[in-house]
Amino acid sequence: MMLFILGALAGCGTTVLTVLITRRVRAATHGESTAVPAAFLEYAGEPPQPVPASDDEIRTEQFSEDAPADDQRYSVRQELLADWYWSMPYVRKLLGLVTTKTEAAAMGLIEKYQEVHTMASSAGEEARSARSTLNQAGDGQGVDGLINATRARIESERERSAELARLGERTREQTRESDELITRVNSIVEEIGDIADRSKVISINLGIEAAKIGKLGAPFKVIADQLRMLNTSTGEASRRAGALMEDFGAFQTRLVDDWQQTILENVSEAGESARITEETIESLVSAIEEMRAVFDRLIESTIASEGSMDEILSHLQFQDITRQQVENVDTILVDLSDQTKERMAGELEVDHADSELIARLEEKLKHRFKVYDEESVLGGSS
Amino acid sequence: MRVLNVDDSTTMRKIVTLALQAKGHTIDEANNGQEALDYIGREGDPDLIILDINMPVMTGMEFLEAYSGTSTIIVLTTQYQDDLRRQALLKGAKAFLTKPFQKDDLLAVMSELGLE
């Protein structure tokens, strides 16, 4: 029984009674184990072995090397039992404080647990929400979808720019063909001018010949005049046509040059714009990937944190287990006290509290077992 | 789901309440078996009773003997003796858990009992 008490006390971290009882047994058995009171023998099972008394033994001074007289041993036993009995209220008060204080500590931890749990849950929820937003942005196609669509549009714009550049090149080739046509037309116009010039010489000669034949040549002279006028007009027309073709060729060249220049500039700008957009998109992709990784880590941390929180709740239940162990020990102490009172009835003054004795014992216990004093460990009585 | 959490330990009541509130259940508390009976008299049978055994005024075992309602009862106690467990189940408890319990274990037992 005694061993059970000691074990229970050690198990709940309260060794006040352990030390107390051991000290009393030492005092009672000093030099002679048969002096141990019957009540202790019953609980210990076997008589405790004598141990050397230390300097702080309470009642060492009452024993001498000589065999103590029976009445002296009896008196010591009576005092020991009185000490034991009247120490119980203080010991039980300490045990009660263990329960009260550990419960207060546990509740404080639970309160903090709730705060941390709420924050962790909130952070986790925010991370999940942000993760979901990344996945659902852009009418449900997600950021990845948006990025891919943007990349596709950039590629499409690049193809259109390239097509425009190819169109400019084709126009340049067609312009060259057109220039050749103009050259050929000019050549024909020049030939028409030459023909007109030669025809003019013929008409002059015709006029001269008509003049030679006199009156008969008059109709031919009219024809020659008409032909000369026609040749003059034809020559003039061919020169104007040649000049016009040259102007047209020059205009066409300028037009095509300007257009091609514009196309090249636009293609270049579009290419630069696409490059910048693509770089921006890639930066955005990196940032989003980082964000996604952060969110994932946050979510994982939240889950791990919730697991740890559950572990904390599990461990905090040991406060209740300890409380019940302390209550069990308290029950044992009450039982022991009752038995002490019953067995020593008529010999031990237990019916009337000796306030001076109780106060002295409390002071002694406080002094000797400071570690277990409620003021030093438990933060004051409550 | 409405749950009555019966335990004389403030710490345990809080822990059980936290574990179940996270699942959206409504939790009420009683300090011992007698308070639990009084609560049921006022509010009717909850869907689930989480019941400690070692309590002052009226123990969990005494509550099981006195209770004749329809609530599902899960015993949650520090005491684990085969005889105690057998007696609790005979008196109407549907499950017997010992402290310290893991939240997931309690939820798994509730799930097995059809209490989601």
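These questions and answers go through a predicted model with a chain A and a chain B.

User: What makes A:S203 buried rather than exposed?

Analyst: Count its neighbours. A residue is buried if 20 or more other C-beta atoms lie within 10 Å of its own. A:S203 has 20 C-beta neighbours inside 10 Å, so A:S203 counts as buried. This serine is found in helix 5 (residues 142-212) of chain A.

User: How do you know which residues A:S203 touches?

Analyst: Contact means C-beta atoms within 7 Å, placed from the backbone. Leaving out residues up to four places away in sequence, A:S203 touches A:A224, A:L227, A:R228 and A:N231. Take A:L227 as one case. A:S203 and A:L227 are 24 residues apart in sequence, yet 5.9 Å apart in space, C-alpha to C-alpha.

User: What makes up chain A as a whole?

Analyst: Chain A has seven helices and zero strands. Along the sequence the pattern reads α-α-α-α-α-α-α. Chain A has 382 residues, and buried residues make up 17% of them. Now take the contacts in chain A between residues at least 6 apart in sequence. Of these, 77% join residues at least 24 apart.

User: Which bond in chain B is called cis, and how do you know?

Analyst: Look at omega. The peptide bond that joins B:K99 and B:P100 has an omega of about 0°, and it is cis. Most peptide bonds are trans. B:P100 lies in the loop between strand 5 and helix 5 of chain B.

User: Why are strand 2 and strand 5 of chain B at the edges of the sheet?

Analyst: Start with the order. The open sheet has five strands, in the order 2-1-3-4-5, with parallel pairing. Strand 2 (26-30) and strand 5 (95-98) each have a single partner strand, so one side of each is left without a neighbour in the sheet. Neighbouring strands of the sheet are turned by 20° against each other on average, direction ignored.

User: How do you know that strand 1 and strand 2 of chain B pair?

Analyst: Count bridges. Pairing needs at least two bridges. Strand 1 and strand 2 of chain B are joined by five, and they run parallel. B:R2 stands opposite B:T26 in strand 2.

User: What makes strand 3 of chain B a partner of strand 1 and of strand 4?

Analyst: Strand 1 and strand 3 of chain B share four bridges in the parallel sense. There B:N5 stands opposite B:I50. Strand 3 and strand 4 of chain B also pair in the parallel sense over four bridges. There B:L51 stands opposite B:V75. The chain gets from strand 3 to strand 4 through helix 3 of chain B, and this β-α-β crossover is right-handed.

User: How do you know that both faces of strand 3 of chain B are covered?

Analyst: In a regular strand the side chains alternate between the two faces of the sheet. In strand 3 of chain B, B:L48 and B:I50 are on one side, with B:I49 and B:L51 on the other, and all are buried.

User: What covers the sheet of chain B in the way of helices?

Analyst: Helix 1 of chain B lies across strand 1, strand 2 and strand 3, at about 165° to strand 2. Helix 5 of chain B (residues 103-112) lies across strand 3, strand 4 and strand 5, at about 180° to strand 5.

User: What makes a set of residues a nonpolar core, and which residues have the most contacts inside the largest one?

Analyst: Core residues must be buried, of a nonpolar kind such as Ile, Leu or Val, and joined through C-beta atoms within 7 Å. The largest core has 32 residues, and those with the most contacts inside it are B:I49, B:I50, B:L51, B:I74 and B:V75. Helix 1 of chain B gives the most to this core, with five residues.

Technical notes:
Residues numbered from 1 in each chain as written. Chains lettered and ligands numbered in written order. Predicted model: local features only at pLDDT ≥ 70, side-chain atom pairs only at ≥ 80, totals over all residues. Buried ≥ 20, exposed ≤ 12 C-beta atoms within 10 Å, placed from the backbone. Helix = DSSP H or I, 4+ residues; strand = E, 2+ residues; numbered from the N terminus. Axes fitted to C-alpha atoms, helices over the stretch in contact; angles between N-to-C directions. Contact = placed C-beta atoms within 7 Å. Right-handed = clockwise from strand over helix to strand, strands pointing away.
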